Every structure is written in structure tokens, then in C-alpha cells.
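Have a look at the model first, then read on.

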Amino acid sequence: MSKLKTILILIIVLWIISSITSNFIGNVNQFGFNKIAVIPINGIISSTESGFFESGTIPNDIIESLKKADKDNSVKGIILEINSPGGTFVASEQIANAVKQTEKPVVALITELGASGAYLVASSADLIIADRASITGSIGVTSSYLEFSGLLEKFGVDYERLVAGKYKDIGSPLKDLNVEERNLFEKKLNKLHGFFIEEISINRNLPEEKVRELATGIFYLGIEAKDLGLVDLLGDKELAINEVKKLANIEEATLIKFEKRKTFLDLLTGVSAHSSYYFGQGFGKSFLNFNNKFEIIA
């Protein structure tokens with residue numbers, strides 16, 4: 001066995017051991033009595049686990065971290081460190097609901113990006129802090145897709161429609177979306193948009209009509225969001241720490257990072273699952289039933 005192979009095997013073994021023995025990690029000062037839990041929310045928010053080449057946030061991990069921090073008597077407050085463009089509506093709502101159920105004070109810190117579903121999560125916190133140049137808001141939902149029927153026609157490819165159920169292939173990119181189907185989609189999107197507006201109105205204690213005026217889907221810079229009442233303060237992590245201390249009525253605290261560490265098996269499973277999706281559904285099932293690929297993105 002070559003020296004390079006030995007080194008690679010050693011690295012993998014050490015990685016697996018460290019992953020098994022420490023699922024949640026903190027900084028070196030995590031043993032202080034008063035602690036502030038920092039929970040990162042990065043990338044796309046989705047119920048689908050990521051693999052080697054993708055990063056994102058799944059609700060179960062964040063909810064588990066919130067519960068762990070909430071039950072730990074030494075943890076006095078929580079910072080949600082957000083850098084996310086949003087994700088699926090359901091996944092974002094699950095995290096937002098878990099935040100609202102947390103008994104410890106929670107401060108949402110939007111670093112670079114806290115838009116759409118990620119802003120929904122932030123709005124559920126007791127306080128929102130954002131960098132003045134961050135991207136926030138973008139209160140809206142989308143379920144757009146590419147349509148290839150014209151391209152297929154150009155190359156002489158026909159779409160033979162075989163369905164049991166009038167709308168079973170609604171949203172298939174292999175055929176035109178007719179007026180009736182478009183109206184159905186837009187009604188469902190408008191209903192979800194209404195849910196989004198209602199949640200922001202409640203979470204931020206803003207009149208629903210005002211939120212509706214802001215909910216065009218456009219994003220706001222942090223400094224604009226503050227003027228509009230979507231953000232409480234402009235600042236960085238240091239300000240977030242100070243605000244958590246105020247809410248928790250403590251003077252000193254150490255930070256502990258609650259972040260689920262993926263084991264080697266998790267990463268392999270993620271790659272396997274995504275490969276199955278892209279090669280199975282992506283090339284096979286998707287050509288038969290495209291509506292199963294539809295996601296409502298918030």
C-alpha cells in the first residue's frame with residue numbers, strides 16, 4: 001500500500017471517529033456556565049439532505065439544535081446566524097414554528113442574505129439584526145419552470161398525453177400551460193402568498209395591509225428593511241451577542257455553536273440519494289410525471 005493511500009485512509013478514519021463522538025460541536029470556551037447558542041442557517045432551506053457538493057439547511061437539524069439549546073440550563077439565549085436565500089415554504093415554516101416555540105430569547109442575525117423563506121424564519125425571532133448592506137425581505141412565492149414544447153416541435157418530437165386525472169400532468173414542460181391550468185397554479189400560489197403575508201404580519205406586529213404592500217417579492221437592503229419595520233437593528237454578530245445578553249438579563253456569556261456535523265456515512269447517503277434523484281427521477285420519472293418535481297419556493 002502506497003504512503004498516499006495510507007494517509008488518505010488515516011484521514012477518513014479520523015473523520016469518522018470525530019463525527020461519531022461529536023455530533024454537535026462548540027468552540028473551545030463552551031464550558032462556561034452562561035452560554036449563547038449560535039445556530040447557523042446557510043444555503044437553501046429544504047427537507048432534502050445535501051451531499052458532498054451541496055450545502056443547505058434541513059428543518060430537522062435546526063429543530064434538533066433549538067430543542068437541545070432550549071433544554072440546556074446553561075444556555076441563556078440563541079442566535080440564528082442566517083445566510084440563506086430561502087427555500088421551500090413548508091421547510092421554512094417548520095423552522096419558524098420551532099423558533100416561536102423556543103422559551104429562550106432568540107435573535108436572528110442576517111449576515112449577507114436573509115430572503116424569502118429565510119426571512120420568514122428570521123421574523124419568528126424576538127429580534128432581527130441585519131447588516132445594512134444585506135439582502136432581506138423578498139416576500140413572495142414562486143413555482144416557475146421551463147417549457148420545451150416549442151423546441152420539441154421544432155425537432156419533430158411529439159408529446160403523447162396519457163393521463164388518468166385531468167390535471168395529472170399539469171406543469172409538464174413538454175406541453176403548453178393552458179389558461180385554465182395557469183389560473184389554477186396562480187390561485188394556489190396566491191393562497192400561499194397570503195399565508196406568508198399573514199405570518200410576517202403576526203411575527204413582526206405589522207398591519208397586514210402594510211405587509212401586503214411590501215410583499216411584491218422584491219428584496220430590500222438591510223438599511224431599507226429597517227426603515228420599513230422588517231428589521232429591528234443594523235449591526236453585526238457583536239451587536240447580536242449584546243442584544244441576547246440584554247434579553248437574557250446576563251452580563252457575560254460564552255458562545256457555543258450548535259451545528260450538526262455530518263458523518264462520513266451521512267455524506268455518502270446524501271450523494272447516493274441525490275444521484276438516485278437525478279438519474280432516476282431526473283431522466284426517467286420526470287419525463288412521465290413532471291408535476292411531481294414541482295416545489296413551492298418561498
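R204 counts as buried at 12% relative accessibility (buried is under 20% relative accessible area, exposed over 50%, partly exposed in between, with a 1.4 Å probe and protein chains only). Its salt-bridge partner is D232, at 2.9 Å from N to O. Keep in mind that this is a predicted model, where local features need pLDDT of at least 70, side-chain atom pairs count only at pLDDT 80 or more, and totals for chains, interfaces and linings use all residues. Residues are numbered from 1 along each chain as its sequence is written, and side-chain values use heavy atoms, leaving out hydrogens and water.

**Salt bridges**
- The whole structure has seven salt bridges (a side-chain nitrogen of Lys or Arg within 4 Å of a carboxyl oxygen of Asp or Glu).
- D232 sits in the loop between α8 (222–228) and β9 (233–234) and R204 in helix α6, so their bridge ties together parts 28 residues apart in sequence.
- D232 itself is partly exposed, at 26%.
- Helices here are DSSP runs (H or I, at least four residues), as are strands (E, at least two), numbered from the N terminus.
- E208 and R212 also pair up, at 3.4 Å from N to O; they're four residues apart in helix α7 (residues 208–214), about one helical turn.

**Aromatic pair**
- There's one aromatic pair (ring centres of Phe, Tyr or Trp, its six-membered ring, within 6.5 Å; planes under 30 degrees apart are stacked, over 60 edge-to-face, the rest tilted).
- F89 is buried at 5%, and F196 is buried at 0%.
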